Amino acid sequence: MHDFRHSHVSMLINSEVDTFTIAEHLGHSKQMVENVYGHLFPSKKKEILNVLNNVKMKFIKYFSP
């Protein structure tokens, strides 16, 4: 049963369902979903890195002589 639940959540994450909705669906807190299933969010890490890189580039451009 646990494997099915994990697969179910994995499919929801890969379908880009937000963490709050998944937590509500499972009857868990958002924090618990992030702690238990956080390793399944690799695309979010790329998204965060892209945002940070964009901020860095704007910073460099703004402060470059």
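Are Tyr-62 and Phe-63 buried or exposed? Tyr-62 is exposed, and Phe-63 is exposed as well. This is a predicted model.

**The aromatic cluster**

Searching the whole structure turns up 2 aromatic pairs. In one of them, the ring centres of Phe-59 and Phe-63 are 4.6 Å apart. Their planes meet at 50 degrees, so this pair is tilted. Both residues belong to helix 4, 4 residues apart, which means about one helical turn separates Phe-59 from Phe-63. Phe-59 and Phe-63 are both exposed.

The rings of Tyr-62 and Phe-63 also pair. Here the centres are 4.8 Å apart. The planes stand at 85 degrees, so the pair is edge-to-face. The cut-off for edge-to-face is over 60 degrees. Together, ring pairs link Phe-59, Tyr-62 and Phe-63 into a cluster.

**Helix 2 against helix 3**

Helix 2 spans residues 19–26, and helix 3 spans residues 30–37. Their axes come within 8 Å and cross at roughly 100 degrees. Helix 2 is therefore roughly perpendicular to helix 3. The contact has 6 nonpolar, 1 polar and 2 charged residues.

Which residues meet there? Helix 2 brings Thr-19, Phe-20, Ile-22, Ala-23 and Leu-26. Helix 3 brings Lys-30, Val-33, Glu-34 and Tyr-37.

Thr-19, Ile-22, Ala-23 and Leu-26 are buried in helix 2. These four cover an arc of only 100 degrees around the axis, so they sit on the same side of the helix. The spacing fits a general rule. An α-helix has 3.6 residues a turn, so residues three or four places apart point the same way. The face turned away from the buried side of helix 2 carries Phe-20, Glu-24 and His-25, which are exposed.

Thr-19 is in helix 2. Its relative accessible area is 13%, so it counts as buried. Leaving out residues up to four places away in sequence, Thr-19 touches Lys-30, Val-33, Glu-34 and Phe-41.

Leu-26 is also found in helix 2. Leu-26 has a relative accessible area of 13%, and is therefore buried. With residues up to four places away in sequence again left out, Leu-26 touches Arg-5, Val-9, Val-33 and Tyr-37. Leu-26 and Val-9 are 17 residues apart along the chain, and their C-alpha atoms are separated by 8.8 Å.

**Loop residues**

Where does Glu-16 lie? Glu-16 is in the loop between helix 1 (2–14) and helix 2. Its phi is positive, at about 65 degrees, although Glu-16 is not a glycine. Glu-16 has a relative accessible area of 71%, so it is exposed.

His-39 sits in the loop between helix 3 and helix 4 (42–63). At 51% relative accessible area, His-39 is exposed. The cut-off for exposed is over 50%. His-39 and Phe-4 are 35 residues apart in sequence, with 17 Å between their C-alpha atoms.

| Residue | Relative accessible area | Class |
|---|---|---|
| Thr-19 | 13% | Thr-19: buried |
| Leu-26 | 13% | Leu-26: buried |
| His-39 | 51% | His-39: exposed |
| Glu-16 | 71% | Glu-16: exposed |

Note on methods. Residues are numbered from 1 along each chain as its sequence is written. This is a predicted model: local features need pLDDT of at least 70, side-chain atom pairs count only at pLDDT 80 or more; totals for chains, interfaces and linings use all residues. Side-chain values use heavy atoms; hydrogens and water are left out. Axes are lines fitted to C-alpha atoms, for helices over the stretch in contact, and angles run from 0 to 180 degrees between N-to-C directions. Helices (H or I, at least four residues) and strands (E, at least two) are DSSP runs, numbered from the N terminus. Angles under 35 degrees count as roughly parallel, over 145 as roughly antiparallel, 65 to 115 as roughly perpendicular and the rest as oblique. Contact means heavy atoms within 4.5 Å. Ala, Val, Leu, Ile, Met, Phe, Trp, Tyr, Cys and Pro count as nonpolar, Asp, Glu, Lys and Arg as charged, and the others, Gly among them, as polar. Buried means under 20% relative accessible area, exposed over 50%, partly exposed in between (1.4 Å probe, protein chains only). Rings of Phe, Tyr and Trp (its six-membered ring) pair if their centres lie within 6.5 Å; planes under 30 degrees apart count as stacked, over 60 as edge-to-face and the rest as tilted. The arc is that of the directions from the helix axis to the C-beta atoms.
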